[in-house]
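Try each task before you read its solution.

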Amino acid sequence: MPGPLEPGREERAALAEDVLNVIQDWIDRADTMPASGVDLDDALTARLMAPPTETGRSLESILADVDDAGKSGVFHPSGGHLSYIPNAGLFTGALGEFLASGLNRYTGVSGAAPGMAAIEHGMVRWMASLFDMGDTASGLILSGGSMANLTAIVAARTARLGDEFTRGVIYVTPHTHHSVEKAARIAGFRGDQIRVVGIDTDLRMDPDALAVAVDRDRRDGLDPFLVVGSAGTTDTGTVDVLSQLAPVAETEGLWLHVDAAYGGFFQLTDRGRTVLSGIEKADSVSVDPHKGISIPFGAGALLVRDEAHLIDANQGRGAYLREEDHDSGLRDIAALGPELTRPFRALQMWLPLHLHGVAPFREALDVSLDLASHAYTRLGGIDGLETPWAPDLSIVAFRFADDDLGRRALESINEERMVHLSPTTISGRLVLRFAILNRRTTRDHIDHAIDMIEKTLVG
Ligand SMILES: Cc1ncc(COP(=O)(O)O)c(C=O)c1O
């Protein structure tokens, strides 16, 4: 039916072209854009927060607002973005997402779009195969690592404790991503049910300390059930020695969840496979396509060794869900996770992976590893800097002998805006970090930041 909600073919093409041009301009500027922008002023904030009118306005004025909205904050496409966990986003991933929402097929129950469900199950199977998780492996694509960690904790809780989990204990380290603790609280655990296990000087979970803590908790009448290993902490990119955590988990009957949201896709590389060795023993793994392989934000995956555990934790019934809609032979994705209606997330990774093949993704990850080695070597040769942790993957963490100088260097780098860094704190000391995961990051970005650090040191 014609009307403002149903533009005709030509109008659709014109609207799409205007939107595409905004994206084209943004990407064309990516190689030279600074790593961060100007402050968002109050007048613009008010304009952007204005409610829609009754009669609408031109797409031109709407896109002008989007352009203004995009001028502040941290610019993820820039190769100078070395803060947090970078993600430059792939244009082809955006096309996949556009295609998915343009087709707007429903992938909660497989019978509603069996072909689309097959695409998603295929992506999950491919990711699980990277971690050698075996034939019973399954999983789903969620909005990101936080939801993947939450879904893993609920699956582990259901599998190991059932409905009575008030005495359950979860083991983490001081460097486990905060989404795990947050997820545990959402899943109904109290703070005193989370045990922070000791780490070694390399910041890895100490397997002996884990065994001791589990033993003590058992003797106190508690129910140890879950250990969360990290395959790349956000602070320093450190990978726990998973091949040592796995036997402790097995002996103690703990579910081993590995948070590989940042580091998991390094499994595509030879060096990554060596560092992540032992991950194949995990009961579940979180891995974020929207980190390691540059898929636009909104794609994290949870993989589990045994699908039955996800089903136990997530299956629901409703009279309105008709059995005949379920006959595709493919598992309903809604039965594997918390969502019923959900975006068809698989397409935003399936399209680029099928279009480009896997090799360019592997190469980009290898380049990040090379750049991290380069940064670590250069930083290690500078008087006044301390580099206590050799990078396991592509995050290089270092500190100034004097924290105040470190703060000054951080400020001047971020004020200059060619590179953007985000710091962390370890044992009360300010730690700067280069998080290298953006395919546009070059040696020049790294060297520029290090040159500025040297300048700060010489005053
Ligand atoms: C190790 C790790 N786990 C989990 C998360 C949370 O992922 P998300 O931001 O996709 O929810 C992050 C985010 O940076 C992370 O680095």
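**Exercise 1. Decide whether Phe165 is buried or exposed.**

Step 1. Recall the cut-offs: buried means under 20% relative accessible area, exposed over 50%, and partly exposed in between, with a 1.4 Å probe and protein chains only.
Step 2. Phe165 has a relative accessible area of 17%, so Phe165 is buried.
Step 3. Keep in mind that this is a predicted model, where local features need pLDDT of at least 70 and side-chain atom pairs count only at pLDDT 80 or more, while totals for chains, interfaces and linings use all residues. Residues are numbered from 1 along each chain as its sequence is written, and side-chain values use heavy atoms, leaving out hydrogens and water.

**Exercise 2. Describe the ring pair of Phe165 and Phe189.**

Step 1. Rings of Phe, Tyr and Trp (its six-membered ring) pair if their centres lie within 6.5 Å; planes under 30 degrees apart count as stacked, over 60 as edge-to-face and the rest as tilted. This rule gives six aromatic pairs.
Step 2. For Phe165 and Phe189, the centres are 5.3 Å apart with 50° between the planes, and the pair is tilted.
Step 3. Now place the two residues: Phe165 is in the loop between α6 and β2, and Phe189 is in the loop between α7 and β3, 24 residues apart. Helices (H or I, at least four residues) and strands (E, at least two) are DSSP runs, numbered from the N terminus.

**Exercise 3. Find which charged end sits over the ring of Phe165.**

Step 1. The rule asks for NZ of Lys or CZ of Arg within 6 Å of the ring centre and within 35 degrees of the ring normal.
Step 2. The charged end of Arg157 sits over this ring, 4.4 Å from the centre of the Phe165 ring.

**Exercise 4. Locate Ala100 and list its contacts.**

Step 1. Ala100 lies in helix α4 (residues 91–103).
Step 2. With a relative accessible area of 8%, Ala100 is buried.
Step 3. Contact means heavy atoms within 4.5 Å. Leaving aside neighbours within four places in sequence, Ala100 touches Arg105, Phe344 and Leu347.
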